[in-house]
Amino acid sequence: MQRIGVFVCHCGSNIAATVDVSKVVEMAHMEPGVVHAEDYQYMCSEAGQAKIAAAIQEKKLTGMVVCSCSPRMHEATFRKAAERAGLNPYMVEIANIREHCSWIHKDMEEATKKAVILMRAAIAKVNLNAPLQPGESRVTKRALVIGGGIAGIQTAIDIADAGYEVDIVEKTPSIGGRMSQLDKTFPTLDCSACILTPKMVEASAHEKINIYTYSEVEKVSGFVGDFTVDIRKKARSVDMDKCTGCGVCQEKCPSKKAPSEFNRGLNTRSAIYTPFAQAIPNVPVIDREACIKFKTGKCGVCSKVCQAGAIDYEQKDEIVTEKYGAIVVATGFDTINLEKYDEYAYSQSKDVITSLELERVMNAAGPTHGHLERLSDGKAPKEIVFIQCVGSRCSDDRGKPYCSKICCMYTAKHAMLIRDKYPDVNVTVFYIDVRTPGKNFDEFYRRAVEQYGVNYIKGQVGKVIPQPDGKLLVQGSDLLDNKQILKEADMVVLATAIEPNPDVRRIATMLTASIDTNNFLTEAHAKLRPVESPTAGIFLSGVCQGPKDIPETVAQAGAAAVKAIGLLAKDKLLTNPCTAQSDILLCNGCSTCENVCPYGAITYEDKEVNDHGIRETRRIAVVNSALCQGCGACTVACPSGAMDLQGFSNRQIIAEVDAICR
Amino acid sequence: MKYSYYPGCTLRTKAKDLDVYARASAVALGIELEEITDWQCCGGVYPLGTDEIATKLSCVRALNEAKEKGQELVTMCSACHHVMKRVNDDMKNVEDIRTRANNYMELDEPYAGETEVLHFLEVLRDKIGFDELKKKVTNPLTGKKIGAYYGCLLLRPSKLLAFDDPENPKIIEDFIRAIGAEPVIYPYRNECCGGYISLKEKELSKSMCEKIMESAEGFGAEMLTTACPLCLYNLNKSTGAKLPVVYFTELLAEALGVRGEYQGKSAGAFGKEEMEKEVQVS
Amino acid sequence: MSLENKEFKPKIVAFCCNWCSYAGADLAGSSRLTYPADVKIIRVPCSCRVNPMFILRAFEKGADGVIMCGCHPGDCHYSTGNFYARRRMTLLFSMLDYIGVENGRTRVEWVSAAEGVKFSETMNSFVEKIYSLGENVRLGDLRCKN
Amino acid sequence: MQELVNRAKELLADGTVARVLGWKAGDLPYNPEPAYFEKAEELVDFVYNGFCGANLSKYMIEASKLEGKTMVCLKPCDTYSFNQLIKEHRVDRDKAYIVGVGCKGKLDIEKIRKQGIKGIELIQGAELTDEADTLKIQTIYGDKTCAYADAMLERCHVCKGKEHMVYDELIGDSNETKDADRFDEVAKLETMSPEEKFAFFQKELSKCIRCNACRNVCPACSCRKCVFDSTKFDSSQKANVDSFEEKMFHIIRAFHVAGRCTDCGECSRVCPQGIPLHLFNRKFIKDIDELYGEYQAGADITSKAPLTNYTFEDAEPSIVGKRG
Amino acid sequence: MSSEKKQAELIKEISGVNPLKCMKCGKCSASCPSYNEMDIKPHQFVSYVINEDIESLVNSKSLWKCLSCFACVERCPRDVKPGKLIDAARQIVVRQKGQNYLLADEIPELLDPELPQQLLVSAFRRYRR
């Protein structure tokens, strides 16, 4: 029989206001095996933990139940406390009487009853707990960063500076990401390239950083500390070692009709191309879809003009397999498709553009060489209307329910830059709310209004109406004036909602990292573990976790790096001892469990058994506890019940069921 | 291809053209439109109130008849199409309405939205295909610049009607291309003409129609085409027929070369046999 | 009369996977989204840990409804656990339906860690369903009832 | 039958096999039982007739542990079970010399009795070689006849076919006996109201005496120790005191063999209470076929079993309430 | 429950709309073709229902200026659909006896020979009990 202690936490008033904690303590005494029960204000506090330690030692406890907040919150805390007092940490069970009880119920009697039942279930379970010892696994001292935008670059540099090897895998031909497409950055109006390019150079020159561009993660296996990753290096058709980056091939390439990804399709590029002048590596790729040589077999101009002989039409995709201890996801974002928002006439007029397209228009390396002009006729606009929240804050199925966070600030930036450079252009912004939390942000927005005379109108736009003369009639609300206004404009700029890069779903599935309904990666804790995924060894950097501006992204990238470094600094990791075990006397050796194990942790061995006097050799399932992650799929697949999961055994769960239904 | 056909009240009276030319074209296209027996008017406007049942029953009756015949239900009129589709959606997805309506109806087997409702334009696009239609055109309307006027009922609410992009539709434009003419795209083609209020708020609806006409004209349209009797009436009435407005079925019949023979005929002339006879002759 | 007056308080067992649904339940809690206290949650590592024996055991001991929640298909922390669970539960529920146990007493719902609202809505609707079905008399072990 | 005996003698004589697994006559004309024969002279007791319904594949689990090969007689339907056991590493293919025996449908003594034929002394026409389609039955009340088809086991009316899935040699021909669809009964039950279904199963299952005959005969129920006998689930050795116990036992038993059950029908054949236990297994088979694609356990030894397989698009459990 | 509250609840029930979802962006008013004719603007309908001032709503001429064109319904980013609220208010009026907006006597003068049936039928459904 166990000697169980029950510790009921008030959590200030979080629990005690709705649950009669003294009643719970009283009821605890009536449960089998309970030799000690007490309540305290904050069990997780130092004083609370001291009480636990004292009880363990004085009452010689062999198991304990803490009735408190979610085990996802403080199970680790209480396990450590128990261990310090000499109790095996796996003899601790948590009854979640806060998130699952006091916070959701109003009636004290009802909540108290439920808390008692939850406590009973935990006691019933702990009665069947057995001490467990974690195993050890090694840590590969190398990190993988998926995505080479500012988030990935910053994370890689920080990890590399701490002395660990880092690989960056970037899908496109160059690192740089979205930030490389921006013209200026708020709130200081620095030139984006001027602050990004040095970071790109630093990453590429760093002896600890290895960059795979034009590459994708193909397969991930393993677990924290010991991931194995296949990386597909897509055929560049250019030998990276030979190419000098002279650019002649791009100049001479006769196929120049492919839409430029970098310029958001506003102009075209050659079939052999580097996305932009400052690309790293400065080695072009051949877009085989656009290349005449690949389409027809004739041409070969690039090969002829290449002095270095770097063009290789025969190059094939290559799979590189690497081991990593930690993986950082930094896959970034894209703007949403505006197909469902055609009331803004995006598909009907060239002069309705997204803000990201405006960045390219404003940029000296962009399609208009930095001149502000209408894309339809090249004329200089006199009236520009900005529309905020296009696709953001939409609870219907057209857009995104969240605020994209960056639009208010970049729209103020655009408005300000236009008014600064072209004082004769009128700028109107239709907004729902202007959201500017951040250092010097509201001041920035107010400057747009007060110094630059940008006309902010509170109200959404209902329809953009292209006119026969090429002008755009913007029909919107002015809610403060209670008017519907019709405004003639030469250009309309849509602050389009951002969404996680569409690849993230595939990557999350490979990493078994969870993802929310909007395809943002979920953090382990919204407040306390914002840069870790709930999946151990996976860290989150940048917009893949939620909308962010550049300073926030860089801050989070650094934080993700620190978390990864903390992991890589360890030589060994303790493994979860809640793994499956096969009972050799019950195992049929039928291989059913092996077929459902996602980790290949189950193998079969011929073992000599002594089954109540019968000695024979049997085919028996053996679990490799270093590989087993403790999901339990095998335990249900096993018809004989030979396979059981430590910490969540059949009898333990049944004891909980019984206690709840009692 | 055989469909249950729901003409609706207006097609029997003021909008005969919409009906007659549709039937003529159907024959030419090898489609059989079997008129629903004893159909009753859909009411012309979808009752938005979630507690309205009685006003939906005439639609349920027609839908159920099509279900029993195992046919899809086709309408020509935008309003009928709108009301039918939405009532059908209620019967399919709103348990309360389905139960109550079925209680009234006393059918052998309860109706639960099984019938598919199609606008004739959808039949042209999805069942026949505009490419196929193009092949059957004998008298292409080459050179005609035609503006499509959608109005509201065909497109909205887009989730329920699932007809076309509500802000940038293209079904009528594709239709116009198929019959050999040139579509004129203008921004007000999905803006309301104020049809429903044209009885009592004549000034208001007039200003709306003028806006639409001006826009279409500005973009070079020589005529407008619509699927809605109310829009046709209102646009003609309120703007003094600045640009001619015709039903899409009339254009279709003309392109298929069957317009002349049917001009001025009533729907009665379209018994199955007569139709076959007439088409063979032509 | 006395039977009718006796207020029916159902016993409802919810199996929640540790990574998504249990976290979703925590989020429902921290967002103060209420659902009836009749629901008691049992934490399992993954929905694939839920043995049909557990569900039958719950009914045997007097549960009126059993619901299992896991990560959305494709999002399982262990990659494939919920796929197996989905087949197992589909077959089990079909069998229970086949022997005449009201189908509404069992349910599977996929709830992610971010779906506190869905968790609470799911529990509310499930409890409502169980109230409408009333006490479970078809599967219970009569010895467990008074 | 004589051909079988002769072949068995040859195989024993040339040392190919160490023993023969077949049937020997019982104390009544209709109850032959599985038996091992290790010497040629023992084979005088060997029988193979219409009452040899027993599926011998399960015996091969133990026979696989013995020295030398065992000649085993398997009917077409038995070979599915044998294959399934190979797949689960429970039998050793190399330890078996499989003689695929012909089958013209197996007989059910209960069906004969139900026709009012009692006091049976002798039955003619049950031999494989008999061409007659009626049984001549000598009883203490005089001679009776019974159509062969009317005396067949339910499972033979829905026979999976004459083909042996695995064998070393074939002896004897088989008849086509299928004249019904195996899912008809299940489909009929599915259309009943919950009350009717419950009443039906309540009535059938309340007959169960937990004798474990179904479990003992089932080739898929081959666990070394059944969960209902182990301490792993707190479910062991409980007295059968309430209606739930049988349901739990039979549902779990069916669930444990789901995707592995070859529908050999032995459970129903051996049930002393006449409970149509195959209705549980067939329900799972029908669901699997409908939801995950047709699957016949034991048809091969490589395919993935339905419950250890999945697709992303699998039906949700809520489909249960939505179907028919 | 006060009668104001009852009326507000009735509107919510008939329309199936939860006005609290509104984020006051004004897209409905920006889309409305009848905006200038309305005394209570589409986006304001939501506040009137929240504030339980149904009296003002049912007396508003906006009820009769609404075209039921669903532009606001289509474009509302929050699934509030002011058009449905307006229709519900109109229902409340026409369900009260003697509140018919269209009187039988005035029909003849409104008619013209070209007028399609549909217009009359729909007018009856929109304006009369």
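This tour goes through a sheet in chain A, the contact between chains A and C, and the two domains of chain B.

The model is predicted: local features need pLDDT of at least 70, side-chain atom pairs count only at pLDDT 80 or more, and totals for chains, interfaces and linings use all residues. Residues are numbered from 1 along each chain as its sequence is written, with chains lettered from A and ligands numbered from 1 in the order in which they are written.

Select β10, β7, β6, β18 and β29 of chain A. In that order they form an open sheet of five strands with parallel pairing (strands are DSSP runs of E, at least two residues, and helices runs of H or I, at least four, numbered from the N terminus; strands pair if DSSP finds at least two bridges between them). β10 (209-212) and β29 (538-540) of chain A are at the edges with a single partner strand each, so one side of each has no neighbour in the sheet.

Zoom in on β18 (residues 326-329) of chain A, which pairs with β29(A) over three bridges. A:Ile327 has A:Ile538 in β29(A) as its bridge partner.

Next, show chains A and C. Here 42 residues of chain A are in contact with 45 residues of chain C (C-beta atoms, placed from the backbone, within 7 Å). On the chain A side, α18(A) gives the most, with eight residues.

Finally, colour chain B by domain: domain 1 (2-122 + 271-281) and domain 2 (130-255), with bounds from an automatic or database domain assignment. Their centres, taken over C-alpha atoms, are separated by 22 Å. The contact takes 22 residues from domain 1 of chain B and 21 residues from domain 2 of chain B.
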